[in-house]
Amino acid sequence: MQNNKFTLKCTKCGYEIDNFKLWFELNQVCPKCGAKHVEAIYPFKYDGLSDLMDTPNNLAESIWLYKDFLPLDNDDNIISCKEGAIPLERWTFLEDFAREQYGINIETQVYRNDLNGGTGTFKDTAASLAASVLKEAGVKNYVVASTGNTATAFGKYLAMAGINAYIFMPIDALKASEAAINAFGQKVFRVQGDYSKAKELAAQFAEKHGYLMTGGNVDPLRVEAKKTMVYEWYRQLGKLPDVYVQALSGGTGPIAIEKALKDAEGTQFAGKMPRQILVQPDKCPPMALAWENAIKNNFAEGWDINFPIIENPPTVVPTLATGKPGTYPIISRLVKKSGGSIIQMEEAKIYDISRWVAFEQKVAMGPASAVCLGGFLNALKLGLIKDGETVLINTGEGVARAPEFMEELIYTTTEVNTLDDCVLHDRDGLKTILLKKLL
Ligand SMILES: Cc1ncc(COP(=O)(O)O)c(C=O)c1O
Ligand SMILES: [Zn+2]
């Protein structure tokens, strides 16, 4: 079938593949050069985007507001649960914090993925596009390896598309993710090993049965879905942020931002890439370590291809447990180009960070989101955010995704037996206590 809306172009040799069905038949490998990375390209200009920019929030329900700029031919195949068009929230307590502690005036906008309708995470937009495209291509079985949130989101959306999913999860993935996927009726394989072992086994399984497997962080199904967040910033803020902060595992977010800006070249939506501040927990920081090393060596030859591999990373944030960061060469160059940085945060602080945010904003964040916020705090401390800048903080999940983490947030409880045990409480007093722990 000929489609005119988009083609898939090999990023290595430029060979063009007409549609996803063909790309899947080729087992997601370029027939000319053997590369596994294609990008969706669209033959039209992105000027048409401006017509969508006046859409009010109540009519912007999902990424499918941007369907003319997504690689799906027939709208009848759309699988959606209100994902992606989520309201940006201005969190003024973060601005107060920056002013009081560091004397700078900034604007903070929080892109709250916990408000996504599918599974309340970062990963719903990609799952929506993937399920829709796979349905359009007539795919019946699909293999996914994931640390948790992708697994849950794909489990649900593929079930909605009537697609059988085989999901390989590492040993440390959250029980809650496993349970959700089981409940959708999809098959889980709990791999006795870390995320890279789960990926390896999934790839062998896919090959053995001739099934398709997710293409990783550069998979156009993920990148194209996530690029819509850039359009959302334009629609809701009327501008690009100066700085972008995200917890980093494989880095689909930054890749998608770059793609969105590339697609918009020559239109009013082109712009300077926000400085990427990507954050890893100190219990699994391979890309941050590689970056620190690159700085130390003045970005000497090979700086962007050398990275450590952390086997069985001891992090308690399984969604960020990518110990073998195959995308580092892509992410590192992109971060450098943007003038940004890959930094660490102290994982031991995630509970206090989550308590602080819930105290101030009445939003309970999940562990990966707390890592992101911890990175924001460290970026302030390191002077990576400047006076007058607008900072976009992309938080990936709410606390409901991680019940064990939620239990750790208990801190005001006193066990009581008698009336004398029931001490008085001063909610306001907590603020100073929490702040002290963060500084
Ligand atoms: C909540 C959350 N934050 C951040 C990330 C990291 O995303 P990426 O793999 O695109 O770096 C993930 C990935 O699973 C996530 O679920
Ligand atoms: Zn090629």
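How many Å should the 18 residues of helix α7 span at 1.5 Å a residue, and how far apart are its end C-alpha atoms? Keep that in mind while we set up the view.

This is a predicted model, in which local features need pLDDT of at least 70 and side-chain atom pairs count only at pLDDT 80 or more, while totals for chains, interfaces and linings use all residues. Residues are numbered from 1 along each chain as its sequence is written, and chains are lettered from A and ligands numbered from 1 in the order in which they are written.

**Stop 1: helix α7**

Select residues 220–237, which form α7. The helix should span 26 Å, and its end C-alpha atoms are 26 Å apart, which agrees; the expected span is 1.5 Å times one less than the number of residues. Helices here are DSSP runs of H or I with at least four residues, strands are runs of E with at least two, and both are numbered from the N terminus.

A residue is buried if 20 or more other C-beta atoms lie within 10 Å of its own, exposed if 12 or fewer, and partly exposed in between, with C-beta atoms placed from the backbone.

**Stop 2: the whole protein**

Zoom out to see 14 helices and 13 strands. The radius of gyration is 22 Å, close to the 22 Å that the globule rule gives for 439 residues, so the protein is as compact as a globular protein of that length. That radius is taken over C-alpha atoms, and the rule is 2.2 Å times the number of residues to the power 0.38. Along the principal axes, the C-alpha atoms fill a box of roughly 75 × 50 × 45 Å. Buried residues make up 50% of the 439.

**Stop 3: around ligand 1**

Centre on ligand 1, which 19 residues surround; the closest are N149, S249, T252, A368 and G396. A residue counts as near if its C-beta atom, placed from the backbone, lies within 6 Å. Colour α4 (149–160), α8 (252–263) and α12 (367–381), the elements that give two or more residues to this shell. By type, the shell divides into four nonpolar, 13 polar and two charged residues. Here Ala, Val, Leu, Ile, Met, Phe, Trp, Tyr, Cys and Pro count as nonpolar, Asp, Glu, Lys and Arg as charged, and the others, Gly among them, as polar.

**Stop 4: helix α10**

Select Y328, I330, I331, S332, L334, V335 and S338, the buried residues of α10. They pack against α8, β11 (275–281), α9 and β12 (341–345), where a contact means C-beta atoms, placed from the backbone, within 7 Å. G339 follows α10 with a positive phi, near 80 degrees.

**Stop 5: two asparagines**

In the loop between α9 (286–296) and α10 (328–338), pick N298. Its phi is near 55 degrees, a positive value in a residue other than glycine. With 7 C-beta neighbours inside 10 Å, N298 counts as exposed.

Then go to N27, in the loop between α1 (20–25) and β3 (38–41). Phi of N27 is also positive, near 60 degrees, and 14 C-beta neighbours inside 10 Å make it partly exposed.

**Stop 6: a three-stranded sheet**

Finish on the open antiparallel sheet with the order β2-β1-β3. Its edge strands are β2 (16–17) and β3, each pairing on one side only; strands pair if DSSP finds at least two bridges between them. Two bridges join β1 (residues 7–10) to β2, and L8 stands opposite I17 in β2.

Definitions and conventions: Two residues are in contact if their C-beta atoms, placed from the backbone, lie within 7 Å.
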